[in-house]
Amino acid sequence: MNDFESGLFLGVLISEGHFGGDGRQPQITVRMHVRHEALFQLLVTLVPGSKLYGPYNHDGRIYYQWMARGQVLREYLVPILDKLPIQTIDEHAFTRYSEMKRKYNM
């Protein structure tokens with residue numbers, strides 16, 4: 001990722017990202033309305049091996065869900081995120097990210 005892409009990606013994760021897992025493996029998830037499809041396509045391009053799911057229709061809300069987990073998260077995305085200034089920009093997002101890493105021994 002170049003500097004612009006890293007900044008955009010970090011902004012999306014801080015504002016819309018969920019840092020967690022399914023009990024077996026960690027995952028980062030972004031869920032937003034289908035009107036953001038171009039942004040989701042960019043996320044898939046920026047993080048090779050990540051997945052885009054949907055569109056889903058749940059209670060009248062139509063959305064996509066982007067997900068990075070498993071090997072792509074551990075070997076590709078975490079090294080990138082560890083170099084970005086998450087803690088200085090958003091302590092809450094940094095805490096969630098750190099908790100995911102701790103819980104899944106990353």
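Which element gives the most to the lining of the largest cavity? Helix α1 does, with 3 residues. Let's take that as a way into this predicted model, moving from the cavity to the helix pair and then to the sheet.

**The cavity**

Rolling a probe the size of a water molecule over the atoms shows where empty space is left. Here the count comes to 1 cavity of 30 Å³ or more, and the space in the largest cavity is about 30 Å³. Around this space you will find L10, L13, I14, F19, I86 and A93. By class, that lining has 6 nonpolar residues, with no polar and no charged ones.

**Helix against helix**

Helix α1 also meets another helix. Two packed helices are described by the angle between their axes and the distance between the axes. For α1 (residues 3-16) and α2 (residues 37-46), the axes come within 11 Å and cross at roughly 120 degrees. The crossing of these two helices is left-handed. On the α1 side the contact is made by E5, L8, F9 and V12, while α2 brings L39, L42, L43 and L46. Sorted by class, the contact of α1 with α2 counts 7 nonpolar residues, no polar ones and 1 charged residue.

**The sheet**

Strands of a sheet pair through backbone hydrogen bonds, either parallel or antiparallel. In this model 4 strands form an open sheet, ordered β1-β2-β4-β3, with antiparallel pairing. Strands β1 (17-21) and β3 stand at the edges with a single partner strand each, so one side of each is left without a neighbour in the sheet. On average, and ignoring direction, neighbouring strands of this sheet are turned by 30 degrees against each other.

Two of the pairings can be set side by side:

| Strands | Bridges | Residues standing opposite |
|---|---|---|
| β2 (residues 26-33) and β4 | 7 bridges | M32 and Y64 |
| β3 (residues 51-58) and β4 (residues 61-69) | 6 bridges | Y56 and Y63 |

Strands β3 and β4 form a hairpin with 2 residues between them. In its turn, D59 has a positive phi of about 55 degrees.

Technical notes
Residues are numbered from 1 along each chain as its sequence is written. This is a predicted model: local features need pLDDT of at least 70, side-chain atom pairs count only at pLDDT 80 or more; totals for chains, interfaces and linings use all residues. Side-chain values use heavy atoms; hydrogens and water are left out. Axes are lines fitted to C-alpha atoms, for helices over the stretch in contact, and angles run from 0 to 180 degrees between N-to-C directions. A crossing is left-handed if the near helix is turned anticlockwise from the far one by less than a right angle, and right-handed if clockwise. Contact means heavy atoms within 4.5 Å. Ala, Val, Leu, Ile, Met, Phe, Trp, Tyr, Cys and Pro count as nonpolar, Asp, Glu, Lys and Arg as charged, and the others, Gly among them, as polar. Two strands pair if DSSP finds at least two bridges between them. On a 1 Å grid over the protein atoms alone, a cavity is a set of points where a 1.4 Å probe fits but cannot get out, and a pocket is an open set with protein on both sides within 12 Å along at least five of seven lines; lining residues have an atom within 4 Å of a point. Grid points are joined across faces, edges and corners, and a volume is the space filled by probe spheres set on the points.
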